[in-house]
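Let's walk through this one together, a question at a time. Have a look at the sequence and the structure first.

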Amino acid sequence: MRRRSLCGIFLAAALSLVWGCAGMDYASIATIAVKTTAKAAEASRPISDSEEYYIGRAVAARVLGTNRLVQDPQLIAYVNEVGETVARKSPRPNTYKGYHFAVLDTDVPNAFACPGGIIFVTKGLVLMCGNEDELAAVLAHEVGHVANKDGINSISKARWTQVLTTLGTETAKQYAGAGGQIISLFEGSIDDVFKTIVVNGYSRSAEEAADAEAVATLRKAGYDPGALSALLTKMMAKQGAGSSGIFKTHPPTSERLAKLKSIAPATETPSKLEAVRTKRFKSVKI
Amino acid sequence: MKVPAWWIKSRGWLLLLVLAALLCSPALAGAETMKVSQANQSLLSEPNFSGTPIAPVPTGAEVTVVTTSGDWLKVEYQGNTGWMHRGAFAQAETPKINPLGMLFGGGVQQTKSDEVALAGKGFTPEVEASYRQKHPEMNFALVDQVEGFKVDSAKLQTFIKDGGLNP
Ligand SMILES: [Zn+2]
């Protein structure tokens, strides 16, 4: 902040004379003890938006440690345009550093939402989507997981309690002192999230909540809300193809499809504008 | 008439003090502006990320700070007033050093600088830095690339309109 730094220069010059702004700083000595107590009392705060962001970055870095990114600028721009269009209509349109969408270079259909808003979709899943509305449905579902904080909520309660305890005991020391302990807790948190979003998948209730949110978001954005059931039907037909990828992370069960069909059945005939969107989807080289 | 020697000696200091007082006074320092460095930002109705977006704020826009509340800034931009998170603006390059911080330890400090404020608060950029060092197999460079892609807001408007979607 400009004003503060200018102020700081004069403060330094005037520090030997206890007067004016410098006086205010000396007065704050008295409040430090109070602040320390307040800090210890933040015992059960939830994970903040910026902490969610740093966890999400590390989870994404782990995904990208073993996956390549599609580098085609046209596809990147297209997926981000569709993603941003739905994210704006989601219950959580803004995150600490916003939503970012990327395509993983693999034919295995899959999608993951890292906490904070980095969303991956594989080339295989983009290809399985026959049109823009189905891609929007996938991305709206993943945005739903970010909005519901499903990734971040997979961090074990015990681990987060330990983080807060560690911070509580270290308040009076320099940050470096708490370092080792916090870093291993950070590692553990990344493991918790990674296991849920990449390896085991979310709970059935989390899936159904993200589906319901995706339908509402698609409706608000002007996309066909039936696109998600259409895609899920397609996935169920291909389920024999494997039990990995999307079939593991977001299982297309008949209960899930039944619930989805009751709130937004697949539409038989696409609207004129949907045809326009399908045309632009097909014009993007995947 | 002769001017006393003590007056000549302390005159510089007095001038400096008056200047310091003027600059530190919020009323006289004038409105503070900040430049938005993140893409796809909006003015929000409330100081939290679930606030309703009031108006979009493009990257590079200069907003006027009205007031602050923790990590949230109430700002004015093109006639609209709303809240923006500190993260939307460029971070301070170096943590500001406060002599009291050195005496009492960084963890207790409540300064406005992002880095210092984050230190000791949990999962912070410093924690990420140590984690990166320990795990070279994680590809943070690609994460930065993913985060670096910005959807151009004019292009997005056209995309939404062309597709018959809702802005
Ligand atoms: Zn899911």
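Q: What pLDDT does chain B average, and what percentage of its residues score at least 70?
A: This is a predicted model, so it makes sense to start with confidence. The predictor scores each residue from 0 to 100. For chain B, the mean is 72, and the share of residues scoring at least 70 is 63%.

Q: Which element of chain B has the lowest mean pLDDT, and which the highest?
A: The two ends of the scale are both helices here. Helix 6 of chain B, residues 140–148, has the highest mean, 96. The lowest mean, 36, belongs to helix 3 of chain B, residues 99–104. So the lowest is helix 3 and the highest is helix 6.

Q: In chain A, where is confidence lowest and where is it highest?
A: Taken as a whole, chain A has a mean pLDDT of 83, with 79% of its residues at 70 or more. Residues 1–41 of chain A stay under 50, though the model has 56 contacts for them beyond four places in sequence. The lowest element is helix 2 of chain A (residues 20–40), at a mean of 43, and the highest, at 98, is strand 1 of chain A.

Q: Why can strand 1 of chain A be called largely enclosed?
A: A residue counts as buried when its relative accessible area is under 20%. On one side of strand 1 of chain A, A:His100, A:Ala102 and A:Leu104 are buried, and on the other so are A:Phe101 and A:Val103. That covers both faces. Strand 1 is largely enclosed by the rest of the structure because its buried residues number 5 of the 5.

Q: In what order do the strands of the sheet in chain A lie?
A: The sheet is open, has 3 strands and mixes its pairing. Strand 1 and strand 2 (111–113) of chain A each have a single partner strand, so they stand at the edges with one side lacking a neighbour in the sheet. From one strand to the next, the twist averages 15°. The order is 1-3-2.

Q: Which residue is the bridge partner of A:Leu104 in strand 3 of chain A?
A: Strands in a sheet can pair in a parallel or antiparallel way, through backbone hydrogen bonds. Strand 1 and strand 3 (residues 118–122) of chain A are parallel, over 5 bridges. Strand 2 and strand 3 of chain A are antiparallel, over 3 bridges, and there A:Ala111 stands opposite A:Val121. For A:Leu104, the partner is A:Thr122.

Q: At about what angle to strand 3 of chain A does helix 3 of chain A run?
A: Helix 3 of chain A covers residues 49–66. The helix lies across strand 1, strand 2 and strand 3 of chain A. Relative to strand 3 of chain A, the angle is about 25°.

Q: How many helices and strands does chain B have?
A: Along the sequence, chain B reads α-α-β-β-β-β-β-β-α-α-α-α-α. Chain A, for its part, has 13 helices and 3 strands. Chain B has 7 helices and 6 strands.

Q: What percentage of the residues in chain B are buried?
A: In chain A, 55% of the 286 residues count as buried. Chain B has 167 residues. The buried share in chain B is 40%.

Q: Is B:Gln78 buried or exposed?
A: B:Gln78 sits in the loop between strand 5 (72–77) and strand 6 (80–85) of chain B. Though not a glycine, B:Gln78 has a positive phi of about 50°. Over 50% relative accessible area counts as exposed. At 67%, B:Gln78 is therefore exposed.

Definitions and conventions. Residues are numbered from 1 along each chain as its sequence is written. Chains are lettered from A and ligands numbered from 1 in the order in which they are written. This is a predicted model: local features need pLDDT of at least 70, side-chain atom pairs count only at pLDDT 80 or more; totals for chains, interfaces and linings use all residues. Side-chain values use heavy atoms; hydrogens and water are left out. Buried means under 20% relative accessible area, exposed over 50%, partly exposed in between (1.4 Å probe, protein chains only). Helices (H or I, at least four residues) and strands (E, at least two) are DSSP runs, numbered from the N terminus. Two strands pair if DSSP finds at least two bridges between them. Contact means heavy atoms within 4.5 Å. Axes are lines fitted to C-alpha atoms, for helices over the stretch in contact, and angles run from 0 to 180 degrees between N-to-C directions.
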